[in-house]
Amino acid sequence: MLLEAGSSDAVVVARVLRGDVEAFSELVERYRDRYARYAFHMLGNREDAEEALQDAFVRAYRSLARCEDPERFGAWLFRILVNRCRTLGARRGRRARTFVVDEVALLGAAEEHPAGTTAWREEIDRALQQLRGDQREAFLLKYVEELGYDEMSQLTGVGVSALKMRVMRACERLRELLSEVYDA
Amino acid sequence: MRDETEQDIERIARELRVPVAVGRALDARVMRAVRRLPRHARFGLWSRLITPRTVTVTPLVWGMLAAAVAMFAVLGAMHAGADLNRAAKPIARAFFPGPKNAASTSQRVQFVLVAPDAKKVAVVGDFNGWDASHAAYQAQHRGGGVWSVTAPVPLGHHRYSFVVDDSLWVADPTAPRVIDYDYGMPNSAIVVQEQK
């Protein structure tokens with residue numbers, strides 16, 4: 001049976017919980033690209049970002065019965081993804097991988113960039129990957145995902161004042177790293 | 001100065017907010033992994049038994065319930081010496097019966113679950129990708145509600161659980177619990193060490 005276009009998350013979750021495994025693909029399609037951005041910026045490369053996304057979706061399926069508010073499945077999934085990115089980020093740190101700038105192009109950003117802005121984008125990506133993991137996480141949640149500090153605190157389990165400090169340090173460091181680009 | 005900083009950060013953030021597209025191949029990989037997991041069955045027998053619900057009870061029914069409780073109390077006293085091993089609650093344990101394998105990277109571990117009403121029992125864990133259909137981890141019924149399987153588990157710390165009838169996850173009540181912090185799901189912990 002096909003899902004009706006625009007079914008709410010709660011409707012899709014209910015169908016999966018009734019045993020309709022294929023309905024889960026609707027949720028994957030719905031949130032795949034929306035959350036790929038965070039995973040990619042957090043982890044810095046396509047391979048790890050896709051691994052984190054896949055892992056988050058599979059974990060979400062396994063524990064779907066424990067999703068207390070199916071209408072907010074997306075927020076719940078995002079919490080799982082944030083944790084997976086932390087875990088994979090720590091593993092990546094141990095592997096001491098080098099960030100590959102060309103990944104930006106490989107990932108196929110949904111919008112075309114004029115040649116002049118590509119270099120600027122690469123500089124930003126490079127600077128972002130030089131931030132500490134906790135500062136990068138706080139910066140992305142605040143400025144890219146545009147969450148409020150209370151939401152960030154609920155999501156990460158970190159206090160609001162500590163998050164504000166991380167965001168401030170991240171902003172300072174990004175400006176420092178990108179100062180040469182600004183000057184140019 | 002403050003305005004200048006905010007403008008710089010906004011400029012960076014604007015660039016990072018550009019959507020990122022991931023290929024549809026990811027969907028296929030996720031769904032392949034999901035299809036290997038036990039199917040949810042919220043309205044199956046197990047789920048109906050464990051799902052909380054509100055029930056309205058009339059005084060007449062209260063009387064009948066009281067009578068039934070009294071009757072079961074009498075029957076219970078008559079069977080006070082009954083075999084406790086036949087309790088309905090699943091009881092599980094895992095131990096190491098066999099020699100280590102040639103590569104010395106894993107041990108054969110026996111998983112045992114007492115589940116008198118089960119029709120199928122499998123062991124899932126991080127050592128088999130949480131795959132309830134993995135052939136090597138299907139428990140066999142040994143009689144009297146006892147299910148067991150002996151299977152290889154790599155050396156190290158692992159999380160595992162039992163899956164009963166493809167739908168009910170049962171953590172091992174005799175093993176330490178591990179909470180998965182992503183979503184609070186209880187699993188059991190096992191440490192597999194090299195045999196001396």
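User: Let's begin with helix H3 of chain A: how many residues does it have, and how far does it reach?

Analyst: Helices (H or I, at least four residues) and strands (E, at least two) are DSSP runs, numbered from the N terminus. The expected span of a helix is 1.5 Å times one less than its number of residues. H3 covers residues 46–62 of chain A, which is 17 residues, and reaches 24 Å from its first C-alpha to its last, close to the 24 Å expected at 1.5 Å a residue. Please keep in mind that this is a predicted model, where local features need pLDDT of at least 70, side-chain atom pairs count only at pLDDT 80 or more, and totals for chains, interfaces and linings use all residues. Residues are numbered from 1 along each chain as its sequence is written, while chains are lettered from A and ligands numbered from 1 in the order in which they are written.

User: Why is H3(A) described as largely enclosed?

Analyst: A residue is buried if 20 or more other C-beta atoms lie within 10 Å of its own, exposed if 12 or fewer, and partly exposed in between, with C-beta atoms placed from the backbone. In H3(A), 15 of the 17 residues are buried, so the rest of the structure largely encloses this helix. Across chain A, buried residues make up 40% of the 184 residues.

User: Which residues of H9(A) are buried, and which are exposed?

Analyst: Helix H9 of chain A, residues 160–177, has 18 residues. Its buried residues are Leu163(A), Arg166(A), Val167(A), Ala170(A), Cys171(A) and Leu174(A). They sit on the same side of H9(A), because they cover an arc of only 135° around the axis; the arc is that of the directions from the helix axis to the C-beta atoms. On the other side of H9(A), Ser161(A) and Glu176(A) are exposed.

User: What is Arg175(A) in contact with?

Analyst: Two residues are in contact if their C-beta atoms, placed from the backbone, lie within 7 Å. Leaving aside neighbours within four places in sequence, Arg175(A) is in contact with Thr5(B) and Asp8(B). Arg175(A) belongs to helix H9 of chain A and is partly exposed, with 16 other C-beta atoms within 10 Å.

User: How many residues are in contact between chains A and B?

Analyst: 33 residues of chain B are in contact with 42 residues of chain A. On the side of chain B that touches chain A, H2(B) gives the most, with eight residues.

User: Where does Trp130(B) lie, and is Trp130(B) buried or exposed?

Analyst: Trp130(B) lies in the loop between strand S3 (121–125) and strand S4 (140–143) of chain B. Trp130(B) is buried, with 22 C-beta neighbours inside 10 Å. Although not a glycine, Trp130(B) has a positive phi of about 55°.
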